[in-house]
Amino acid sequence: MTDSLSQIFIGTLLTNNFVLAMFLGLCPFLGVSSRLGTAFPMGVATTFVMLVASVCAYTLNLLLNTFHLEFLRLISYIVVIASSVQLVEMVMKKYSPALFRALGIFLPLITTNCAVLAVALFQTAREYNFTQSLVFALAGGAGFTLALVLMASLRERLQLANVPTLVQGTALSLILAGLLSLTFMGFAGLGAGE
Amino acid sequence: MSLPNQADEGITFDTFMEGVWRQNPVFVMVLGMCPTLAVTVSAVNGLSMGVATLFVLVSSCLLVSLIRHLVPKEVRIATYIVIIATFVTLVDYLIQAASLALYEALGAFIQLIVVNCIILGRAEAHASKNPPLKAVVNALGMGVGFAIGLLALGGTREILGAGKLFGISLFGEHFQPWVVMVLPPGGFFVLGGWLLLFALFRKKPVTEGGHAHD
C-alpha cells in the first residue's frame with residue numbers, strides 16, 4: 001500500500017515477473033511463443049487489455065464497496081475482462097487483419113489469461129490506489145511481453161538446433177522456461193531494498 | 001472412443017477414464033498450467049487445489065449440461081464463464097471458512113480457477129453437447145486426472161525440495177533439501193521431467209513398430 005511507484009514497477013516487471021515467478025499466463029506463454037513476430041504483438045495486446053481491465057476493475061471495486069456487494073467481485077471482473085478483449089479484437093480486426101489472423105484462437109483466449117484477472121485481483125487485494133493500479137497493470141503487461149519475447153527468441157534459435165526427438169515439444173519448452181525463471185531469480189535482490 | 005451415432009447414449013468406463021489417463025489434463029493436454037505450477041509446492045496444497053477444481057468442474061459441467069438447450073449459441077461462452085465464476089466464489093468462501101491456513105497458502109489461485117482452461121474447455125467441448133449424467137462422469141474423470149497430476153507434481157516437489165511428503169520427513173536429519181525445486185524454476189523443471197517420462201512411455205510402441213518395419 002505504501003509502495004512507491006518505481007518499486008511497484010520494478011517489482012512487478014522483474015522480481016515478481018508475472019510469468020516466470022508467479023506462473024500467471026502460462027497458456028499463451030507456451031502457446032504463442034514459437035515465433036517472435038507474433039509474440040510481441042500478443043504481449044502488447046495483452047498489456048492493453050490489462051490496462052483497460054485495471055481501470056474498469058478499480059472503478060467497479062469502488063462501486064461494489066459502496067453497495068456492499070463484494071461477493072460479486074469475481075463475476076463482475078471476469079465480465080469486464082471479456083468485454084475489453086472483445087474490444088481489442090474488433091479494433092485489431094479493423095486495423096490489422098493480418099495480425100488478427102496470425103494470433104488466431106489466442107486472441108479470444110486472452111479472456112482466460114489468468115494474468116489479466118490476476119492484475120484485477122491483486123490490485124484489489126493490495127489496496128492500490130488509482131495510479132498505483134495503472135503502474136501495476138503496465139508493469140505486469142511489460143513483464144509478460146518481456147518473458148514472451150525472450151522465450152520466442154530462444155525457441156527460434158532452438159529450431160536450428162539438433163535436439164533428440166523425445167525431448168521436442170512441450171517438455172523442452174518447460175525446461176527452457178525453468179532456466180529462464182532461474183535467471184530471473186537473480187533479480188530477487190532488487191525488490192528487497194526498502 | 002465411442003462412435004458418433006452412439007455419442008448420446010453410452011456412458012462407458014472410458015467416459016470416466018478419458019480424463020484420468022488418455023487425455024490427462026496435466027500430462028497429456030498440458031492445460032491449466034498456471035495453478036498447476038504455482039500451487040504445487042507441497043502435496044497437500046496440490047491435492048486441495050485439485051479437489052477445489054474438481055468441485056467447480058463437476059458442478060459447472062452439470063449446470064451447463066442442464067441448460068444446454070436454453071442458452072443461445074452467441075452468448076454461450078459468457079454464460080459458461082458466469083456459471084463457473086459463481087461456483088468459484090462459492091469454493092472461495094468455503095475454503096476460507098474451512099481452513100484459513102490453506103486459504104492463505106493457495107492465495108489468489110483459488111479465484112483464478114475461473115480462468116482455468118480445463119473447466120471452460122470441458123464445458124464447451126463436452127458438457128454443452130451431452131446429457132447431464134454423462135457430462136458429470138466425464139467431468140469427474142477430468143477432475144480426478146487433474147488432481148492426480150497436481151498431487152504427483154506437488155509430491156515430487158515436496159520430496160525433492162523439502163525431503164518431506166504430506167509434511168512427514170522422509171530422509172531423516174542428513175537430507176540436504178534441493179531448495180530450487182520448491183521455488184518457481186523447480187515447477188517448470190519438475191513438470192518438464194514428468195512430461196519427458198510420459199513421452200518416453202508413449203514413444204516405446206512406436207520405436208518397436210519402427211524396428212519391425214526395418
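**Entry 1: a helix pair in chain A**

Which residues in α1(A) meet which residues in α7(A)? I found L5(A), I8(A), F9(A), T12(A) and L13(A) on the α1(A) side. On the α7(A) side I listed T131(A), Q132(A), V135(A), F136(A), A139(A), G140(A), A142(A) and G143(A). I counted two residues as in contact if their C-beta atoms, placed from the backbone, lie within 7 Å. By class, the residues of this contact are eight nonpolar, five polar and no charged. For the classes, Ala, Val, Leu, Ile, Met, Phe, Trp, Tyr, Cys and Pro are nonpolar, Asp, Glu, Lys and Arg are charged, and the others, Gly among them, are polar.

A note to myself before going on: this is a predicted model, in which local features need pLDDT of at least 70 and side-chain atom pairs count only at pLDDT 80 or more, while totals for chains, interfaces and linings use all residues. Residues are numbered from 1 along each chain as its sequence is written, and chains are lettered from A and ligands numbered from 1 in the order in which they are written.

Next I looked up the geometry. Two packed helices are described by the angle between their axes and the distance between the axes. Helix α1 (residues 5-15) of chain A and helix α7 (residues 130-158) of chain A have axes 8 Å apart, at an angle of about 25 degrees. That makes α1(A) roughly parallel to α7(A). The axes are lines fitted to C-alpha atoms, for helices over the stretch in contact, and angles run from 0 to 180 degrees between N-to-C directions. Angles under 35 degrees count as roughly parallel, over 145 as roughly antiparallel, 65 to 115 as roughly perpendicular and the rest as oblique. I noted the crossing of α1(A) and α7(A) as right-handed. A crossing is right-handed if the near helix is turned clockwise from the far one by less than a right angle, and left-handed if anticlockwise.

**Entry 2: a second pair in chain A**

I then turned to helix α3 (residues 36-66) of chain A, which packs with α6(A) at about 35 degrees, the axes being 9 Å apart. Here too I wrote down a right-handed crossing, of α3(A) past α6(A). From α3(A) the contact takes T46(A), V49(A), M50(A), A53(A), S54(A), A57(A), Y58(A) and N61(A). From α6(A) come A115(A), V116(A), V119(A), A120(A), Q123(A) and T124(A). I sorted the residues of this contact into nine nonpolar, five polar and no charged.

**Entry 3: chain A as a whole**

I found nine helices and zero strands in chain A. Helices (H or I, at least four residues) and strands (E, at least two) are DSSP runs, numbered from the N terminus. Of the 194 residues of chain A, 42% are buried; buried means 20 or more other C-beta atoms within 10 Å of the residue's own, exposed 12 or fewer, and partly exposed in between, with C-beta atoms placed from the backbone. The C-alpha trace of chain A spans about 60 × 45 × 25 Å along its principal axes. Among contacts in chain A with a separation of 6 or more, 81% join residues 24 or more positions apart.

**Entry 4: where chain A touches chain B**

I looked up the interface: 31 residues come from chain A and 32 residues from chain B. The elements of chain A that give two or more residues to its side are α2 (26-31), α4 (73-95), α6 (114-125) and α8 (170-184). The most come from α8(A), with eight residues. The side of chain A divides into 26 nonpolar, five polar and no charged.

**Entry 5: chain B**

Chain B has eight helices and two strands, in the order α-α-α-α-α-α-α-β-β-α along the sequence. Buried residues are 44% of its 214.

Helix α3 (residues 43-66) of chain B and helix α7 (residues 132-162) of chain B cross at roughly 165 degrees, their axes coming within 8 Å. That makes α3(B) roughly antiparallel to α7(B). Their contact has 22 nonpolar, eight polar and one charged residues.

Is G167(B) buried or exposed? G167(B) is exposed, with 10 other C-beta atoms within 10 Å. I located G167(B) in the loop between β1 (164-165) and β2 (168-169) of chain B.
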